[in-house]
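Please look over the following structure before reading the notes, which take up a few local features and then the wider packing.

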Amino acid sequence: MAGAEANPVTGNVLIHFRGAEVDEGALVAALARFDLDGVAGAGVDVDERPAAARRRVTLREGPRSRRVRIAVRGLDRDSDLGRRVVERLERRPEVSRVMASPVTGRVLLELAERKVDLEPILAEITGLELPALPDEDLPRHPLDPAPLIQSSARLIGSSLGLGLLAMRHLVRADGPPVGGSVPAAVAGAAGVVEGMVPLERRIESALGRDATQLLLGAVGIASLTFSGNFLGLVVAGSGALGLVSEVRRRRSAWRAYENRLGRERVHAGETLRLDPGDTVPLRADVLRGVGRAVGPDGAMLPVAPGRALPAGARVYGQPLTVRLGREPPVASSGRRQPAALSGYERYLEAIVPASLAYGALLGVVRRSVRWAFTGLLLVNPRAALIGVDQADNRAAAYVLRSGVTVVGTRRGRPVRRPDALVLGCPRTLTDGLEVGEVIALMGDDDRRRILEIAGAVAGAAGSPWGPAFAAHGRLEARGGSFDGAVASAEIGGERWTLRNADDGAQPDADRLVRAGEEPLLLVRDNEGAPAGVVSVRPRLAAGIGDLRDTCRRRSVELVVVDEDASSAGRAIARRADVPRTETKLVAAIDER
């Protein structure tokens, strides 16, 4: 034997052998010496571990291969964990491709064969995972097929039931399809189970969430159909239709997001190509290319081989080749105070014991189990649960239509209007570059002409400042070149250069730098005297004004985090009229 690994998630032991012959009897005898019953009796539920492992895995079958998404604890907290998981799994012959997604906390595996045992793969992933945080849970993957299957099954079932009742009404058939009180009693029992949240959670722990939802949905719709409950089928169908619509939009938005990302892997050690306008996903070292970047605080940064770019920087200029580095792990102290219960949560806590008490009281007074069951139906949170579910689906569909990519929401944390909106850095308030201030240094040149010449030079040279002058360039320039620091071009037989002017030689340069702008000096080569200074700065995003006004109208606190307390961050926040804080992002979220 070469080694052994025990997986507490799958409940299996993986044993590696050097030779081909294995004595199974010796292995069984060795395992028999361990008190496994005592371990299970000490609080480890062996039967639930395989179910927990299945909840972490999403399979997608293909004609020749299958894709597997496996949840990895801590993948969203440590950027280096993705690299370690990818490197380990790429060594396995049955794995043809691996991609780690910190956004969803999962790794995507493309298996070369359809029949592959996942237990060894799960064992390797479990050995690399980070320790669990208190109350840590994982949202569903956007492409998880279970919600779509459940909602589609309910929608089809309720539609068939409504169709059956409509046909009976057309042929003037009296009464429900099945006589007696049994179908109505079954429908009521299903409603009571779904309304009693603690009871439903117990069933989910035994059967699994997906199986429980399918079972309750099938039983409820079938009993409503057989009892002739037209209104109940309409309610079930409308809820299923809203969920189908929301799930389809979420899956479509996520696929569009994945297409924008491409097939490049994003974790420490990988080499990426960044085009102008792209954002650096992690801290990166520039290997090839020159240009400019807008840092997280909104400051303009020079880009050249050997320079480091912070995570979140947006690059302009030439296409870049960068090597991603490791970001420090995210450490969250958790909430400083317990989360306050909403009115809906307090209602659920109160209504469940109230329903049980009312049903028991009514049964004792009437001396009938039937009346006790009627009491449970009368005082039941089922109506509130249906209303909240439909409101959550509508809220998620609304933000999806607005262009938001909803990755997934954890149970009990739906999409809703926040009390505070925390923006991670001043750069999130910007989109692209624009011209800031134009200063004429020679009497015979006005500001408009300086702006036109600077725009022509910047565009012809292919410099990173070119997009800022896109709306101001009218002159024709030839022979443009950019060496990473200086842009030059010929206009009307004269050679002009454009370079950074923050060296203190110009009196206005320091002021512009303090304002978060990059001053550019325009010089006519044959004279050598500067003609003017043009500053370039990040342009405010088009929707910032609407976002700010909406937050104020809805009484939502809006704040942008500027950890470096930079002048550029202050300038952007002042231009956008958005309050800023120097608290770190994690602490800012915890405080709110």
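In this predicted model, R172 is found in the loop between α6 (145–170) and α7, and its phi is positive, at about 60°, although R172 is not a glycine. The points below are grouped by topic, beginning with the backbone at R172 and at S555.

**Loop residues with positive phi**

- R172 is exposed, because its relative accessible area is 73%, a value over the 50% at which a residue counts as exposed.
- S555 lies in the loop between α16 (544–553) and β21 (557–561), and its phi, near 60°, is likewise a positive value in a residue other than glycine.
- With a relative accessible area of 66%, S555 is exposed.

**Helix α12 and its surroundings**

- Helix α12 spans residues 369–378, and within this helix A372, G375 and L376 are buried.
- Seen down the axis of α12, these buried residues fall within an arc of 100°, so they line one face of the helix.
- As background to this arrangement, an α-helix has 3.6 residues a turn, so residues three or four places apart point the same way.
- The exposed residues R370 and L378 are carried on the face of α12 that is turned away from its buried side.
- The buried residues of α12 are covered by parts of the chain that include α7 (182–195) and α11 (343–366).
- At the start of α12, the backbone nitrogen of R370 has a side-chain oxygen of S368 within 3.1 Å.

**Nonpolar cores**

- The largest nonpolar core has 29 residues, and those with the most contacts inside this core are V457, W465, F469, L498, V534 and V536.
- At least two residues of this core come from each of β15 (430–440), α14 (447–460), β17 (486–491), β18, β19 (518–524) and β20 (530–540), and α14 gives the most, with seven residues.
- Leaving aside neighbours within four places in sequence, V536 is in contact with M300, L433, E434, G436, W465, A468, F469, E517, E518 and L520.
- Another core, of 22 residues, lies apart from the largest one, and V57, L75, L81 and L130 are among its members.

**T497 in strand β18**

- T497 lies in strand β18, which covers residues 494–500, and T497 counts as buried because its relative accessibility is 11%, where the limit for a buried residue is under 20%.
- Not counting residues up to four places away in sequence, T497 touches V486, A487, S488, L521, L522, V523 and D525.

**A three-stranded sheet**

- An open sheet of three strands runs in the order β14-β21-β22, with parallel pairing.
- Its edge strands are β14 (420–423) and β22 (580–581), each of which pairs on one side only.
- Strands β21 and β22 run parallel and are joined by two bridges, and V561 has T581, in β22, as its bridge partner.

**Salt bridges**

- The structure holds 24 salt bridges, and in general side chains of opposite charge can pair when their charged atoms come close.
- E129 and R73 meet through their side chains in a salt bridge, at 3.7 Å from N to O.
- This pair links distant parts of the chain, 56 residues apart, with E129 in the loop between α5 (119–128) and α6 and R73 in the loop between β4 (66–71) and α4 (79–90).
- Within the pair, E129 counts as buried at 11% relative accessibility, whereas R73 is partly exposed, with a relative accessible area of 29%.
- A salt bridge also joins the side chains of R382 and E194, at 3.3 Å from N to O.
- R382 lies in helix α13 (residues 382–401) and E194 in helix α7, so this pair ties together parts that are 188 residues apart in sequence.
- R382 counts as partly exposed at 23% relative accessibility, while E194, at 9%, counts as buried.
- The side chains of R580 and E582 meet in a salt bridge of 3.6 Å, N to O, in which R580 is partly exposed with a relative accessible area of 27% and E582 is partly exposed with 48%.
- Salt bridges that share partners also join R88, R92, E94 and E124 into one network.

Methods. Residues are numbered from 1 along each chain as its sequence is written. This is a predicted model: local features need pLDDT of at least 70, side-chain atom pairs count only at pLDDT 80 or more; totals for chains, interfaces and linings use all residues. Side-chain values use heavy atoms; hydrogens and water are left out. Buried means under 20% relative accessible area, exposed over 50%, partly exposed in between (1.4 Å probe, protein chains only). Helices (H or I, at least four residues) and strands (E, at least two) are DSSP runs, numbered from the N terminus. The arc is that of the directions from the helix axis to the C-beta atoms. Contact means heavy atoms within 4.5 Å. A polar contact is a pair of N or O atoms within 3.5 Å; within protein, one must be able to donate a hydrogen and the other to accept it, and residues adjacent in sequence count only if both atoms are side-chain atoms. A nonpolar core is a set of buried Ala, Val, Leu, Ile, Met, Phe, Trp, Tyr and Cys residues joined through side-chain atoms within 4.5 Å. Two strands pair if DSSP finds at least two bridges between them. A salt bridge is a side-chain nitrogen of Lys or Arg within 4 Å of a carboxyl oxygen of Asp or Glu.
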